[in-house]
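Subject: Structure handover

Hello,

Here is the structure I said I would pass on.

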Amino acid sequence: MNHLYPIFLKVHQLNVLLVGGGFVGTEKLSFLLKSSPEAHVTVVSKEFNEKFLELANSAAHVTLIEDAYHEKYLGGKHIVIAATNFPEVNKQIHDEAKERFILVNVADTPALCDFYLGGIVTKGNLKIAISTNGKSPTTAKRLRELFEEILPEEIDELLENLNAYRATLKGDFECKVKAMNEITGMLVEKEKA
């Protein structure tokens, strides 16, 4: 059973440390920037591959540090992603982050993760996160592709209209919830036979 608690973080208001500038690091940075283009990410790596550098250089708030990992880089960080090719370094990053109560994700090592980077579908203001509890990232990717295909681009217009309607509602919270449930109920009503 999946006991993960999904949250949507304002990563542009947090400080992220990514350790590793290779293939896996590129994947992790790409994921972060796709979801949160204004994310503040400090990346530490002895070397960076070409694709990583292209991605990092196209982002406004990515800082590159060409160096080996050292615990000093954990200072002031809220989230750490370990994506090196060295399991012992990833374990060290995990342990030192946990000592400081920093949330940590160690790539391809679910036992050393406080959180997973799942599949995400974004259509304007709508964002859907998909988790397989670390069991099958490929399945999350395929579900993301499915949702991207079937959700209409106009969904954002619907959300804007519903938000405008919500702003006109009077009464207490319970009355507003009831009114919003009535109007959105038609979105999931099954056609009567």
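The notes below go from the whole chain to single residues.

Please keep in mind that this is a predicted model.

Overall layout

The protein chain contains six helices and seven strands. Their order along the sequence is β-α-β-α-β-β-α-β-β-β-α-α-α. The C-alpha trace spans about 60 × 35 × 35 Å along its principal axes. The chain has 193 residues, and 32% of them count as buried. Among contacts in the chain with a separation of 6 or more, 55% are between residues 24 or more positions apart.

The nonpolar cores

The largest nonpolar core is made of 20 residues, and Leu-18, Leu-29, Val-41 and Val-62 have the most contacts inside it. Two or more residues of this core come from each of strand S1 (15-19), helix H1 (23-35), strand S2 (40-45), helix H2 (50-57) and strand S4 (79-82). Beyond its neighbours within four places in sequence, Leu-18 is in contact with Gly-25, Lys-28, Leu-29, Val-41, Thr-42, Val-43, Val-44, Phe-52, Ile-81 and Ala-83.

There is also a second, separate core, which has 14 residues, including Tyr-73, Val-80, Val-104 and Val-106. Val-80 belongs to strand S4. With a relative accessible area of 0%, Val-80 is buried. Not counting residues up to four places away in sequence, Val-80 touches Leu-17, Leu-74, Ile-93, Ala-97, Ile-102, Leu-103, Val-104, Asn-105 and Phe-115. Phe-52 is 28 residues from Val-80 in sequence, and their C-alpha atoms are 18 Å apart in space.

Strand pairs

S1 and S2 are parallel and pair over five bridges. Within this pair, Val-19 stands opposite Val-44 of S2. Five of the six residues of S2 are buried, and the strand is mostly covered.

S6 (119-123) is joined by five bridges to strand S7 (residues 126-130), and the two run antiparallel. Ile-120 has Ala-129 in S7 as its bridge partner. S6 is largely enclosed by the rest of the structure, because four of its five residues are buried. S6 and S7 form a hairpin with two residues between the strands, and in it Gly-124 takes a positive phi near 65°.

Loop residues

Most residues other than glycine have a negative phi. Two residues that are not glycine have a positive value here.

- Phe-101 has a phi near 60°. The residue sits in the loop between helix H3 (87-99) and strand S5 (103-106).
- Asp-108 has a positive phi of about 60°. The loop that holds Asp-108 runs between S5 and strand S6. Asp-108 is exposed too, with a relative accessible area of 73%.

Ser-36 is a loop residue as well, placed between H1 and S2. Is Ser-36 buried or exposed? Ser-36 counts as buried, because its relative accessibility is 12% and the limit for buried is under 20%. Apart from neighbours within four places in sequence, Ser-36 is in contact with Val-11 and His-12.

Towards the end of the list: Lys-176

Lys-176 is part of helix H6 (residues 173-185). Its relative accessible area of 31% makes Lys-176 partly exposed. Leaving out residues up to four places away in sequence, Lys-176 touches Leu-169, Lys-170 and Gly-171. Arg-166 lies 10 residues from Lys-176 in sequence, with 7.4 Å between the two C-alpha atoms.

If you have time for two places, I would open the core around Leu-18 and the hairpin of S6 and S7.

Regards

Methods: Residues numbered from 1 in each chain as written. Predicted model: local features only at pLDDT ≥ 70, side-chain atom pairs only at ≥ 80, totals over all residues. Heavy atoms only, no water. Buried < 20%, exposed > 50% of the residue type's maximum accessible area, 1.4 Å probe, protein only. Contact = heavy atoms within 4.5 Å. Core = buried A, V, L, I, M, F, W, Y, C linked by side-chain atoms within 4.5 Å. Pairing = 2+ DSSP bridges.
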